[in-house]
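I opened a new page for this structure. The entries below follow the order in which I looked things up.

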Amino acid sequence: MEPFIASDLALLTLTVSLYCLGGMLYRRTRLMILHPVLLTFVAVIVFLRAAGIDYARYEEATGILRFALGMSVVALGYLLYEQVERLRGSLLQVSVSTLVGCLAGIGSVLLIAGALGADRQLLTSLAPKSVTIPIAVAVSEPLGGIPPVTSVVVFCVGIFGNICGEQILRRCGVAEPEARGFALGAAAHGIGTARALELGAVEGALSGLAMALMGFATALLLPLIEKYLY
Amino acid sequence: MIGILCILICWLVGNGLSQLTGNYISGNIIGMILLFVALSLGWVRAEQVRPAAKFLLGAMALFFVPYGVGLMDSYRVILDNLAAVVVASVVSTVVVLLVCGWTYQSLTKHKR
C-alpha cells in the first residue's frame with residue numbers, strides 16, 4: 001500500500017490547492033512571471049521531489065485531470081461556434097491571416113529549431129507552439145512529440161506574447177485594434193487573449209477568434225506537414 | 001448534464017473516426033469539430049452546451065498542470081537543446097505576430 005501522501009486524493013487535493021494559492025498570489029501581484037499555472041508546475045515538482053514521489057505515480061493519480069483536458073478540447077468546439085458568429089463581414093482577412101500565420105509559425109519554428117540541431121521528436125513537440133495548450137498536446141502527442149515539452153514551451157510562448165506582443169506590434173506599425181487583437185490571439189493563444197482583453201473589447205474578441213481558428217487550422221495542417229515535409 | 005453528454009458523445013464518435021482513419025488526427029480534435037458542426041447545424045442548442053463548455057474552458061489551465069509537471073522527467077530534452085528551443089520559439093512567435101498583424105491590417109485597408 002502506498003503512503004497516505006501519495007494517494008490519488010492527496011495528490012489531486014495538493015494540485016488543486018496549489019493552483020488556487022497561485023491564483024490568489026497572482027491577483028495580489030499582477031506579475032505575469034508569477035502566473036498561477038507556472039507556480040503550480042514548480043510547486044508540484046518541488047513537492048514531489050521532496051516527498052520522493054515519482055512522476056509515474058503522479059501521472060496515474062491525476063488521470064482525471066487529463067480526462068477533463070480531453071473534454072475541454074471538445075468544448076473548444078463551442079468556443080469556435082461562438083466566435084465564428086463574429087466572422088461575418090471579415091471572412092477574407094480572417095481566413096487568409098489564419099492560414100498565413102499558421103504556416104509561417106509552423107514553418108519558422110521547424111526551420112530554426114532544425115538548423116540549431118533539434119531532432120524530429122523535439123521538432124514535433126515544438127511545431128504547434130502558437131496554439132492553445134490542449135490542442136497543441138492533442139496534436140503533438142499522436143505524432144510522436146513529448147507532451148510535457150509541448151505544454152511548457154507553448155505556455156512560455158503565451159507569457160512572452162502577453163508581455164512583449166503589444167510593444168512589438170506597435171513598433172512594427174500594426175496599430176489597428178482588430179489586427180492587434182488578431183495577432184495576439186494567433187501568436188500567444190489564451191494567454192495573449194488575456195492581454196488583448198486588457199487592450200479593449202474589439203481586440204479581445206478578435207483575439208479569441210484567432211485563437212480558436214489557429215487551433216483548428218494547426219490541428220488539420222500539422223499532421224499533413226509532419227507526414228510530407230520533414 | 002445534456003452539455004456533458006453532447007461533449008462525451010462527440011469525443012466518443014471522434015475517437016471512433018480517429019481509429020478508422022489510422023489515428024491521423026486525435027479523437028478529441030475530431031470531437032471538437034463534430035461539436036462545432038452539431039451546433040452550427042442546430043442539432044444541439046448552444047444554451048444546452050454552454051454551462052458545461054464554460055466550466056471546462058474556465059478550468060482548462062488546471063487540467064494541463066499534470067503535463068507541465070511531466071517536465072520533471074523530460075526537462076533534459078529542453079536543457080540539452082536550450083538554444084534551439086528558446087531561439088526558435090521566440091523568433092517564431094514574433095514572426096506569427098507580425099505576419100498576422102500585417103496581413104490582417106493590409107487586407108482590411110485594401111477592402112475600404
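**Entry 1: chain A as a whole**

I began with contacts in chain A, where two residues are in contact if their C-beta atoms, placed from the backbone, lie within 7 Å. Among the contacts in chain A with a separation of 6 or more, 59% are between residues 24 or more positions apart.

I noted that this is a predicted model, in which local features need pLDDT of at least 70, side-chain atom pairs count only at pLDDT 80 or more, and totals for chains, interfaces and linings use all residues. Residues are numbered from 1 along each chain as its sequence is written, while chains are lettered from A and ligands numbered from 1 in the order in which they are written.

Next I looked up the elements, which are DSSP runs numbered from the N terminus: helices (H or I, at least four residues) and strands (E, at least two). Chain A has 10 helices and 0 strands.

I then checked the radius of gyration, taken over C-alpha atoms, against the globule rule of 2.2 Å times the number of residues to the power 0.38. The C-alpha atoms of chain A fill a box of roughly 60 × 45 × 35 Å along the principal axes.

For burial I counted C-beta atoms, placed from the backbone: a residue is buried if 20 or more others lie within 10 Å of its own, exposed if 12 or fewer, and partly exposed in between. In chain A, 51% of the 230 residues are buried.

**Entry 2: a helix pair inside chain A**

I took helix 7 (residues 133-140) and helix 8 (residues 147-171) of chain A, which pack at an angle of about 145 degrees with their axes 9 Å apart. Axes are lines fitted to C-alpha atoms, for helices over the stretch in contact, and angles run from 0 to 180 degrees between N-to-C directions.

Which residues meet here? I133(A), A136(A), V137(A) and S140(A) of helix 7 meet P147(A), T150(A), S151(A), V154(A) and F155(A) of helix 8. I sorted this contact by class and found 6 nonpolar, 3 polar and no charged residues. Ala, Val, Leu, Ile, Met, Phe, Trp, Tyr, Cys and Pro count as nonpolar, Asp, Glu, Lys and Arg as charged, and the others, Gly among them, as polar.

**Entry 3: chain B**

I repeated the checks on chain B and found 7 helices and 0 strands. A compact globule of 112 residues would have a radius of gyration near 13 Å, but chain B has 20 Å. The C-alpha trace of chain B spans about 55 × 45 × 30 Å along its principal axes. Of the 112 residues of chain B, 46% count as buried.

**Entry 4: where the chains touch**

Last, I looked at one pair across the chains. The axes of helix 4 (residues 63-84) of chain A and helix 2 of chain B come within 7 Å and cross at roughly 35 degrees. The residues of this contact divide into 12 nonpolar, 5 polar and no charged.
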